[in-house]
Amino acid sequence: MNQKIDRRNLLKSGLMAIGGMTLAPHLSFGGAFSDMPLSLDPENRIYRSPMVREHFLDKKPDLSKMVRLGANENPYGPPKTAQKAVCDSVAGGNRYAWKEMSDLVDKIAKKEGVSTDYIMMGPGSSDLLEKVALVLFMNGGNIVSADPCYMSLIQVAKSVGATWKAVPVTADHSHDLKAMEAAVDKDTKLVYICNPNNPTGAITSGKDLLDFCSRVSEKVPIFVDEAYIELAVGADTQSMVSLLTKNKNVIVARTFSKIMGMAGIRVGYMAAQPAFIKQIEKITRGGMGISYTSIAAASAAMDDNEFQGMTRKLNHEAKTYLYANLDKMGYKYIPSYTNFVIFPVNMSGKDLLSKMAAKNISIRAFDIQNKPWCRVSIGTMDEMKTFVSALGTIS
């Protein structure tokens, strides 16, 4: 009886937390954020100035004319193959897609080099991060992560009673693995690592991370969020999924939202030890939120290596163009291995967003250690030229 009550309370609090957090990615810089008297959403740290509301919320703008550089979306997708798969599958939308889901899991398991019982599906990887948080922290405990990091898992864990042990990143903005290992104690239930990291775009050495995960996972589960790993051109990186075959207690999240251009179609998965997945599935199932058409799109996108290669190439070219122009304008950006770049600016975040909104450009702004920063997603080359031109006129 008590188990049922606990489960209801857990799901109630978890669903409330998720409901408040699905509007935008959750980012935090912990104590690095200053308390500012601005119209700031306390949950996701996104400025909501009157100008931003006027241009992007109240007027319901024509999205075809907006330069959308605020949500780290792939401007080239979904791939044509995935679009066709969606169209072809709509007629079957009256049926549950059990077989189609099973086929997709087979394909993912083969790609990752594990059996199917190591895979759990979800409508995007954030859904799986949040489900893990709900299950692991129903009775408290603490979670260790870098600061800053992507906050979806952290916020849900805190909403059901966890405490967050935030470990500042190093001078080069990579994870301080030594300090994170030292932060693990008897109450730690999870270590969370986003690599490449969001919102900094920085990367932690794949070799160093592999060693860290191999050792520390003997003490506590380690969740490695690899949402941007396919975009890490020229980086010393590797997926941590190989540790699963060595019986290490790691969880690896992947998404179809970034390199495969399917952010709005919502497909993701995590690879973990079968016993861990069973622990999560005792509370909530992973694949129920994925539509028949999304499954078809995901399967097609996985096979479209040409599209993925094009995305990687064009993203790198547009980012290189942005770097060159930021250098010319004197901005000191953090080298990024993702599809976004973050850099400090010489005006308030509120003013920056308002001025960009007036030019029909959406970006993100943050205060880090009492200094304003701009995070801009990498769009098409034309979109980056538009952003650079706008930045030059308002700086």
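1. Among contacts in the chain between residues at least 6 apart in sequence, 74% join residues at least 24 apart. Contact here means heavy atoms within 4.5 Å. This is a predicted model, in which local features need pLDDT of at least 70, side-chain atom pairs count only at pLDDT 80 or more, and totals for chains, interfaces and linings use all residues. Residues are numbered from 1 along each chain as its sequence is written, and side-chain values use heavy atoms, with hydrogens and water left out.

2. The chain has 13 helices and 14 strands. Helices (H or I, at least four residues) and strands (E, at least two) are DSSP runs, numbered from the N terminus. Of the 395 residues, 54% are buried. Buried means under 20% relative accessible area, exposed over 50%, and partly exposed in between (1.4 Å probe, protein chains only).

3. An open sheet is built from 7 strands, in the order 3-10-9-8-7-4-6, with mixed pairing. Strands pair if DSSP finds at least two bridges between them. Strand 3 (119-122) and strand 6 (163-168) are the edges, each pairing on one side only. From one strand to the next, the twist averages 20 degrees.

4. Strand 4 (residues 142-147) runs parallel to strand 6, and 6 bridges join them. Ala-146 has Val-167 of strand 6 as its bridge partner. Thr-163 also belongs to strand 6. Thr-163 counts as partly exposed because its relative accessibility is 47%. Leaving aside neighbours within four places in sequence, Thr-163 contacts Gly-141, Asn-142 and Ile-143. Thr-163 and Ile-143 are 20 residues apart in sequence, with their C-alpha atoms 6.4 Å apart.

5. Two helices lie across strands of the sheet. Helix 9 (residues 274-281) lies across strand 3, strand 9 and strand 10 (268-271), at about 40 degrees to strand 3. Axes are lines fitted to C-alpha atoms, for helices over the stretch in contact; angles run from 0 to 180 degrees between N-to-C directions.

6. The largest nonpolar core has 49 residues. Such a core is a set of buried Ala, Val, Leu, Ile, Met, Phe, Trp, Tyr and Cys residues joined through side-chain atoms within 4.5 Å. Those with the most contacts inside it are Ile-119, Met-121, Val-191, Phe-212, Cys-213 and Ile-222. Apart from it lies another core, of 32 residues, among them Trp-164, Phe-223, Met-270 and Ala-272.

7. Now the cysteines. Cys-213 counts as buried because its relative accessibility is 0%. Cys-87 counts as exposed, at 59%. The count of disulfides (pairs of cysteine sulfur atoms within 2.5 Å) is 0.

8. Helix 10 (residues 292-303) has buried residues including Ser-294, Ile-295 and Met-302. The buried residues of helix 10 pack against helix 3 (80-89), helix 4 (98-112) and helix 11 (305-329).

9. Strand 13 (residues 364-368) is largely enclosed by the rest of the structure, because 5 of its 5 residues are buried. Arg-364, Phe-366 and Ile-368 point one way, and Ala-365 and Asp-367 the other. Strand 14 (residues 371-377) runs antiparallel to strand 13, with 5 bridges joining them. Ala-365 has Cys-374 of strand 14 as its bridge partner. The hairpin of these strands has 2 residues between them, and Gln-369 takes a positive phi near 50 degrees.
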